[in-house]
Amino acid sequence: MNPIDINFTLPVQMISFLILVWILAKFAWKPLLKMMDNRRSFIEESLAQAQAEREQAEQIKREYQAEMLKARQDAQEVIAKATKVSEERAVEIMEAAKEEADKIKKAAIVDIEREKEKALAEVRIQIADLSVAVAEKIIKQKLDLNAESQLIDQFIQEVGELPC
Amino acid sequence: MGEETIIWKLGSMAFHGKTLVMTWMVMVAVIIFCLIGVRKLTSGSPGKMQNVLEMIVDLVNGIAHGNLGSEKGRVMMPYLLSLITFVFFSNMWGLLPNFTFKVFEHLHIEFAQLDKIFEGSSFMSPTADINTTLALALLTFILIIALGVKYKGRHYFGHFFEPNPVFFIIHVIDMLSKPMTLAFRLFGNIYAGEVLIGVILMLPGVWIFAGAPFDAIWLAFSIFIGCIQAYVFTVLTTAYVAQAVVSEEH
């Protein structure tokens, strides 16, 4: 038998195969390919959606970070301001205290001066009194001796010469 | 092998009865295989059979889109998928033992010589008949010209005369050799495989256990060849169509 025997089996095989292609295309391949396309588009959509959501999340994160930074800066500013104010206040208090102290010191000095004057004046009065007393005693002694009459006269004279 | 060829006659037309019966059995098997695969079609997590079909689709997708681009590849997909599954199942069919257990012979059913068709120890690959492979190759040939004309119009015939009208004869030979080589390559591989299976089964003592290893080794190799040839047939069909369809811009 000759294995290469071409006869009318050939067109029958062509028709059979075309029928097979038609049946398979209609009932198997088209639905399958369509489903796979759907799946691909579903996956693509999901990926795109995930991408968009990630971008959104990044955006939110950036905004949040910016806000955080701003809040931190504000807090820093507030602290700096408060520190400055407190320092100024401290200086003011210090100055006020120093002024007060100066005032008190001056007042004390004035008081001391006055007391000194007063004391001096008292001393002077006492000295004068003492001098007068001493002079009185001396004069009394001299006058008793009568030896100094001339001196007395002179004194009187001198007094008399003073312009009254 | 060795048995006489079963001829059906319709008027003056002769048909190879065994090839046709086997082809129709293969067609039924392919259809059942594919319909089981798409029975519970889901884009979620596919079942086992759907997975197998998706693997075939991915394989053919790679071939078609690589050669033709996605738009033209999409058009060719159903044909190429049917082609690869049919050729693969055909190549495997001749490796199956005769599961009819000669029931037609026992019951003396002589209608359409069925008793003789199911006589052998194995089924027969439809692709072990030159008529089948030549039919597929001619369909490829028609497809090449049809798609060439569809996508290129009259320019398609222009390329037969390039770069010089003298080259026409070479182009014609090239064109005719494509279906010839496709048909004879597949036929030769599968027919030779079946002949050798027949020879191995004729070895003395093969029906007892000692002969089994030879048969097993050759069956394994035939499965390998069957896969390769189904793939090659599909790839070459795609490549030939791509040659005709894809515009070459040099």
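A:Met35 is found in helix H1 of chain A, which covers residues 9–145; helices (H or I, at least four residues) and strands (E, at least two) are DSSP runs, numbered from the N terminus. The model is predicted, with local features requiring pLDDT of at least 70 and side-chain atom pairs counting only at pLDDT 80 or more, while totals for chains, interfaces and linings use all residues. Residues are numbered from 1 along each chain as its sequence is written, chains are lettered from A and ligands numbered from 1 in the order in which they are written, and side-chain values use heavy atoms, with hydrogens and water left out.

- A:Met35 is buried, with a relative accessible area of 7%, where buried means under 20% relative accessible area, exposed over 50% and partly exposed in between (1.4 Å probe, protein chains only).
- Leaving aside its neighbours within four places in sequence, A:Met35 is in contact (heavy atoms within 4.5 Å) with B:Leu41, B:Thr42, B:Ser43, B:Gln50 and B:Glu54.
- The contact between the chains takes 47 residues from chain B and 30 residues from chain A.
- About 3600 Å² is buried between chain B and chain A, 77% of it on carbon and sulfur atoms; buried area is the accessible area (1.4 Å probe) that two parts lose on being put together, summed over both.
- On the chain B side, B:Ser82, B:Asn131 and B:Leu139 lose the most area to chain A, together 13% of what that side buries.

**Chain B as a whole**

- The C-alpha trace of chain B spans about 65 × 50 × 40 Å along its principal axes, and buried residues make up 48% of the 250 residues in the chain.
- Of the contacts in chain B with a separation of 6 or more, 71% are accounted for by residues 24 or more positions apart.

**Cavities**

- The count comes to three cavities of 30 Å³ or more, a cavity being a set of points, on a 1 Å grid over the protein atoms alone, where a 1.4 Å probe fits but cannot get out.
- The second largest cavity holds about 70 Å³ of space, a volume being the space filled by probe spheres set on the points, which are joined across faces, edges and corners.
- Lining residues (those with an atom within 4 Å of a point) of this second largest cavity include B:Asn91, B:Glu194 and B:Trp218.
- Helix H8 (168–202) and helix H9 (212–245) of chain B are the elements that give two or more residues to that lining.

Note on methods:
1 Å grid on protein atoms, 1.4 Å probe; cavity = no way out; pocket = protein on both sides within 12 Å on 5 of 7 lines; lining within 4 Å.
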